Amino acid sequence: MHRRQELLRTDRRVLVAPSVLSADFTRLGEECRSAVAAGGDLLHVDVMDGHFVPNLSMGPAICAAVRRAVPNTCIDVHLMVTDPAHFVRPFAEAGADHLQFHAEVVRDPGSLAASIRAAGMTPGVVLNPDTPAEACFDALAHVDTVMLMGVHPGYSGQSFIPSVLSKGPAIRARMTPAQRLMIDGGVSPATAAACRDAGCDVLISASAFFGAADRAAVARALRG
Ligand code: DX5
Ligand code: ZN
């Protein structure tokens, strides 16, 4: 396991993951370095296929550019795609550390998680706002993280759906202490405390983080 990947397993602080979806793409490298300097613990890369979600975003080439910009930072790739297995190898080669797939599209999470580990990454499973907590229970024995979506995926800058947090305690109760509960979408200084109270310990933020004049202050507020 690469030392970048040990962050998710060993650092018990609440972690902050800026999502580069709201970065200024004309200055991507600078934005990645400044996000880390402002207190970002890992960087979140949103991959959309225009099918699982009604938008397109970035692919392995952008992930590889993020890797070159921040060689020592953990890269968390969120696959909002219908066929995640197809993208394991390309993102491993692009330098991803953690690869997350949606429970809604995977029938055999154990074998997908095994192929992610075999490619040198750690696996995570994601639940859409309307997907019940139970949908990740089969995957739990195979993944390092579960991520709750706080918005319907596809776009940054949407309003947080507070009811998703009711899934937190049920999932937390089935997790080992080494596993992490992530929350993505609508996370801001205004919603972070409720996320942490529900058991979330990795907070992803795109618009609230990159849109702030003082990003370090946002990182501190998210961490609590
Ligand atoms: C939503 C993406 C999120 C998004 C979050 O489809 O998966 O990671 O970047 O954006 P904000 O933080 O603006 O809600
Ligand atoms: Zn995401």
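**View 1. Polar contacts of ligand 1 in the predicted model.** A polar side-chain atom of D184 lies 2.6 Å from an oxygen atom of ligand 1. The protein covers 100% of the 380 Å² of accessible area that ligand 1 has on its own, with areas from the Shrake-Rupley method and a 1.4 Å probe, for residues counting only the protein chains shown as cover. Backbone polar atoms also take part: one of G154 is 2.7 Å from an oxygen atom of ligand 1, and one of G157 is 2.8 Å from an oxygen atom of the ligand. A polar contact is a pair of N or O atoms within 3.5 Å; within protein, one must be able to donate a hydrogen and the other to accept it, and residues adjacent in sequence count only if both atoms are side-chain atoms.

The model is predicted: local features need pLDDT of at least 70 and side-chain atom pairs pLDDT 80 or more, while totals for chains, interfaces and linings use all residues. Residues are numbered from 1 along each chain as its sequence is written, chains are lettered from A and ligands numbered from 1 in the order written, and side-chain values use heavy atoms, without hydrogens and water.

**View 2. The shell around ligand 1.** The shell holds 19 residues, of which D46, G154, G157, D184 and S207 come nearest; a residue is near if one of its heavy atoms lies within 4 Å. By class, there are 7 nonpolar, 10 polar and 2 charged residues, with Gly counted as polar and Asp, Glu, Lys and Arg as charged. Strand β2 gives the largest share, 3 residues. Strands are DSSP runs of E with at least two residues, numbered from the N terminus.

**View 3. I75 in strand β3.** I75 belongs to strand β3. I75 counts as buried because its relative accessibility is 0%, where buried means under 20% relative accessible area, exposed over 50%, and partly exposed in between (1.4 Å probe, protein chains only). The C-alpha atoms of I75 and A64 are 10.0 Å apart in space, and the two residues are 11 apart in sequence.

**View 4. P123 in strand β5.** P123 is part of strand β5, residues 122-127. With a relative accessible area of 0%, P123 is buried. P123 and A37 are 86 residues apart in sequence and 26 Å apart from C-alpha to C-alpha.

**View 5. D144 and its contact with R9.** D144 is located in the loop between β5 and β6 (145-149). Its relative accessibility is 9%, so D144 counts as buried. The side chains of D144 and R9 are joined by a polar contact of 3.2 Å.

Methods
Helices (H or I, at least four residues) and strands (E, at least two) are DSSP runs, numbered from the N terminus.
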